[in-house]
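Q: Could you walk me through reading a structure like this one? I would like the general idea first and then the case at hand.

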Amino acid sequence: MPLPKRRGNKVKGVQFTVMVVGASGNGRTTFVNTLCESEVLAHKDVDTPDNAHAEERVRIKPVNVELEEEGVRIALTIVDTPGFGDNIDNEFAFQEIVNYLERQYDDILAEQSRIKRIPRFRDNRVHALLYFIAPTGHHLREIDIELMRRLSPRVNVIPVIGKADSLTTGELRAFKKRVMEDIDHHDIPIYNFPYDVEEDDEDTIQENMELRVNILLLPSFLFIFVSDGFAGPASFAVIGSEEEIDVNGEPVRARIYPWGIAEVDNPEHSDFGRLRNALLSSHLPDLKMLTEDVLYETYRTEKLSRSVHSDIRSGFSNSSEELASQSVRLKEEQLRRDEEKLREIELKVQREINEKRQELLAKEESLRNLESRLAAQGLAITYCLYLPTYIVFSVRDARNSDRDPRMTHEPRRRRSLLANDALDDDELERIRRYEDFRTIDWIQDSILERSRRIRAARKFNASHRGPRGEVTVSWLWTQFRKAVDGGQTWFVVSLVGVCIGLNAAIISIVTEWLSDIKMGYCHDGWWLNQQFCCWEIDTEDVDGCDSWHPWSTVGVARWSIYVIFAAMFSFVAAHLVRTLAKYAAGSGISEIKCILAGFVMQGFLGFATFFIKSITLPLVIASGLSVGKEGPSVHVACCIGSLVAGMFGKFQRSQGKMREIVTAASAAGVAVAFGAPIGGVLFSIEEMSHTFSIKTMWRSFFCALMATVTLSAMNPFRTGKLVLFQVTYDRDWHFFEIIFFIILGIFGGLYGAFMVKFNLQVAAFRRKFLAKHGVAEAVILATITAMIGYSNQFLRMDMTESMAILFRECDNGGNVNNVCQSSLQWRISNSLLLATVIRIGLVVISYGCKVPAGIFVPSMAIGATFGRMIGIMVKAMYTAYPTSGIFAFCDPDAPCITPGTYAFLGAAAALSGVMQITVTVVVIMFELTGALTYILPTMIVLLVTKAVGDFLGTNGIADEMIRFNGFPFLEKEDHAFNVSVNAVMRKDLATLTESGMRVKDVEATLAATEFKGFPVISDDGARILVGYVGRTELNYVLERSRKTQDITPDTLCLFKAEGGGDGDMDDFELGGALGVGIDNEEDFAETILENTASGGREIKFWPWVNQTPLTVSPQLPLEIVMQLFKRMGPRVILVEDHGTLAGLVTVKDVLRWIAVEKPEGEPSWDERGGLDGMLEEVWTWASQVVAPIQNWSLNLVNRNRTRH
């Protein structure tokens, strides 16, 4: 554990206290002087033999020494105890040392109990005690045992054998063994150079093991250094010397013996260097931590407990003031512990952020490699042959990648850019593009957009007709620009919808061909799938035709080829994702929800992610993995929306307008996935976005409509259907079927709870053990799925094809694969049940692997197999008992039960259960069937599913993955925490004063912190809030001022206008609040700088200071603050108390507080036992019921045997 280097250590030094205890003549003084490399302690001199026998009482003598170890200054205090062990009765010596140790603890306890603490209070607690044992060669003396037993509860005791040169090597080892036995026998706790195998690094563990084994040559619970002697290399003794002798022409500290010279600092002769390093460097923090967290806390608890118990025994004789003071001390102690916990969590979060930063740097490098490969190999051009729009994205990204600061994730490099490179007017806005893994301030973004809109309107209005009202060229051009600007949004939305439709059609066609190629190929054309190859066959119950050739007619060979293709597809997909675009893995819905809420993830909607995900998605689906393409289709659609909108400056500058396009693209992605444009819009409203305006809704609907029309025009399946499982129902349902519909709803709720719970456990296992083995994991999962699923017809075929079969009515060609054959109904039911169970397990372990993976279709397929099984069973009941009262309403001349509708409703229930969405699923199912008849059954099923999910405390899997990944996202649901924002806000803030600061002060604040902004307060000490200024604005103004003015480190910085007004800004036509309304992508900011320049005397930052930041009172409930974050979207909310700055709060602060404090409320389902507890209770109840029945049956059998 290396000594930490802090900024304050260079000035004040690290305080460390060592006490040395031992009888005279054991080398204590020589060891200390050698350790400090100076004469710190004086040797004891006796003038006459007459005084040598005189007993002296023990004295405590602290001596302060300044040392420097590895560049860190150490304020070392040596506490010597001369006189100990020199008396016949040493009881007073024991008590004197213990009293000294406890007095230091009492001083700390009293200081912590003060209301106003002493700023320069010195901590004199003893961190280590070296006890020098006399080299008797026998066992420990009684004085040794008693001293270590008394002192070990108060200090870290390290036993040291003194004068070891009086023993031979064998005697020394035997003496060590006896000392070890005595310490173990008397159970004396001493310092043992601890280490943690799981937490510490290899160097730390190796160092401690060497201290335990190599140096000490004792078992791991005894740690004794040998001092002031030399007994040969094998003893690993530590020697000390105050004299220097000449060795090979150089002065060294050493001892001269008859058999040679022993050098103090020579590791071959002595372990003094290792001991010194352990005390003053490697184990110094550990000794201080044990003293603070263990020894002092134990003493403080005992002290307070004795005080409380003595008050009770004395009949509450203490005054009320003393009790109140004690209560305050206890509360302050509890507050200190809570602050320590929070600091530990902050350190952990900071470590995770640093790790993610390194991952982002690697991803950035992979993106650059992708662009270079695409440019060299021409892959982008090849792909754009059938999708011309892609080439525009590739060219745009290649043009901007080298100069866009948004692609930079390293803070140091960013500061270097601001400090050294010349900035254009629009570079600040690009730097301001909300660096990766940061949150967007939607209030600032909307004000900036309003400012742009006002200035653009003024430019348009500046052009008028001629003096007589005649039409001029400038007026016509202005009107044309108005029309183009007004219709640009609808044009972009239309273009996005068309591109999404084209991309969805291509993916569907390629997916069908890859899925069929595992079984065989078309002789007429290798590019045709089985459906197109056998197009002339009218019947749908077909395993092939003359043109379709299977790979083999041998079952084992066909199975092997099927598995090989599955493994190959999964390998190619996983390898492309890992090497070229890691963001292409997974569903992407969770991340898009965070992006729409303001969380920035650079590259997640980039061209590389879009390109790789579009290529690998058909491969993954064709591999047979139990994942779907609907969720990834939403991610791909959002990538298209971001890329298309990014080509237009209107959307590139405004994050608010970009969010509208991405929201509309998500709706279009769901629309093309299910052929449901209205369902896509509702999905965006219900699942994706916190805020959804009417304007956004219309644009989302138009985008979804354009995407659906394009997909319909492409007609990828040549059937007129947008998706394979689109069906129509002609029959009505009966009221008695509601009972079975409720069963389907219960199944959907239970499936959702099961899936969410166990998939998160698999995700935790994957993160811990499989993070570096994504390709192997995907290949193994695909192989296992293919090997298991080949024997089951509903697992072997593509999930969309299986749903298309299961949804159909039995009439009009619906008897595909004998699903409607009455003679095989129980065989089909068993196959469906087996498919349901197996697919649930496969989905649990497959969803989340490092390939594009959705969960919509797998869940629907699970619900479809279960629902079809229930439908077959109900139909069998009707066939067996047609005259039963429950079937009285059935028409005997027409089929009463339609099993396909049960599959349809089961699919809806499973989808709703895992995503926890209801209205969207109802509308999607309506658009899939095109019939109003089954809206009511669908609503009943989904309401039951929702009720079961709420009872079990299930959240949607997208929300759970957000929480699992630690993204800063506030849930839509409101919770009552019963605390004010004062409990959550940050109080230790880095602030700027409105005047009096100089350039060097501002630069020092920027260098010492990485905050995104700073509150500006008054300079009179009252901390009156003046405004808020962003970090980017400070860097921008400083760099611009260096270019335009002659500034020095002592140049004054003003953050408030002279006279306290903002009238000087009226001529600049801000069109908004001061500061935040200033836009920097034009020459507007340059104009302000020129008008506020003062020739280098001062820098005026006040035009960039937001003088109207969003502020709240400390007493405001936390729930209201969370509503402000969700509805208004600020990055930070300042907290002021009657105009005085009290703190600030961010979304991350709220989430951190919720995670740490776990506010009081009703216990969740998991806290009450969860699904595991429920299953355990069911098992216990079943065991209690079955046991009596089993006993009764056995008794009955025994009786029958006895009678016979």
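This is a predicted model: local features need pLDDT of at least 70, side-chain atom pairs count only at pLDDT 80 or more; totals for chains, interfaces and linings use all residues.

Q: How many helices and strands does the protein have?

A: There are 40 helices and 20 strands. As for how the chain folds back on itself, take the contacts with a separation of 6 or more: 76% of them join residues 24 or more positions apart.

Q: Which residues have the most contacts inside the largest nonpolar core?

A: The general idea comes first: in soluble globular proteins, nonpolar side chains tend to be buried together. Here the largest nonpolar core has 128 residues, and those with the most contacts inside it are Ile500, Tyr751, Met755, Phe807, Ile855, Met915 and Ile957. Helix α30 (residues 856–880) gives the most to this core, with twelve residues.

Q: How do I read the packing of two helices, and what is the angle between α29 and α30?

A: Two packed helices are described by the angle between their axes and the distance between the axes. Helix α29 (residues 825–846) packs on α30 at about 155 degrees, with the axes 9 Å apart. Because the angle is over 145 degrees, α29 is roughly antiparallel to α30. Their crossing is left-handed. On the α29 side the contact includes Trp826, Leu832 and Ile840, and on the α30 side the partners include Phe866, Met869 and Ile872. By class, this contact of α29 with α30 divides into 15 nonpolar, four polar and two charged residues.

Q: Which residues of α31 and α32 meet?

A: Start with the geometry again. Helix α31 (residues 899–915) and helix α32 (residues 919–929) pack at about 150 degrees, with their axes 10 Å apart. That makes α31 roughly antiparallel to α32, and their crossing is right-handed. Phe904, Ala907, Ala908, Leu911 and Ser912 of α31 meet Val921, Met925 and Thr929 of α32. Six residues of the contact of α31 with α32 are nonpolar, two are polar and none is charged.

Q: How far apart are the axes of α23 and α32?

A: The axes of α32 and helix α23 (residues 677–688) lie 8 Å apart, at an angle of about 170 degrees. These two helices, α23 and α32, are therefore roughly antiparallel to each other. Pro677, Ile678, Gly679, Leu682, Phe683 and Glu686 of α23 make the contact with Val919, Thr920, Val923, Ile924 and Glu927 of α32. The contact of α23 with α32 has seven nonpolar, two polar and two charged residues.

Q: Within a single helix, which residues of α4 are buried?

A: An α-helix has 3.6 residues a turn, so residues three or four places apart point the same way. In helix α4 (residues 142–151), the buried residues are Ile143, Asp144, Ile145, Leu147, Met148 and Leu151. They pack against β1 (14–22), α3 (91–112), β4 (128–133), β5 (157–161) and α5 (169–185).

Q: And is alanine 776 buried, partly exposed or exposed?

A: Ala776, in helix α26 (residues 774–789), is partly exposed because its relative accessible area is 40%. Ala776 and His575 are 201 residues apart in sequence and 9.4 Å apart in space, C-alpha to C-alpha.

Note on methods:
Residues are numbered from 1 along each chain as its sequence is written. Side-chain values use heavy atoms; hydrogens and water are left out. Axes are lines fitted to C-alpha atoms, for helices over the stretch in contact, and angles run from 0 to 180 degrees between N-to-C directions. Helices (H or I, at least four residues) and strands (E, at least two) are DSSP runs, numbered from the N terminus. Angles under 35 degrees count as roughly parallel, over 145 as roughly antiparallel, 65 to 115 as roughly perpendicular and the rest as oblique. A crossing is left-handed if the near helix is turned anticlockwise from the far one by less than a right angle, and right-handed if clockwise. Contact means heavy atoms within 4.5 Å. Ala, Val, Leu, Ile, Met, Phe, Trp, Tyr, Cys and Pro count as nonpolar, Asp, Glu, Lys and Arg as charged, and the others, Gly among them, as polar. A nonpolar core is a set of buried Ala, Val, Leu, Ile, Met, Phe, Trp, Tyr and Cys residues joined through side-chain atoms within 4.5 Å. Buried means under 20% relative accessible area, exposed over 50%, partly exposed in between (1.4 Å probe, protein chains only).
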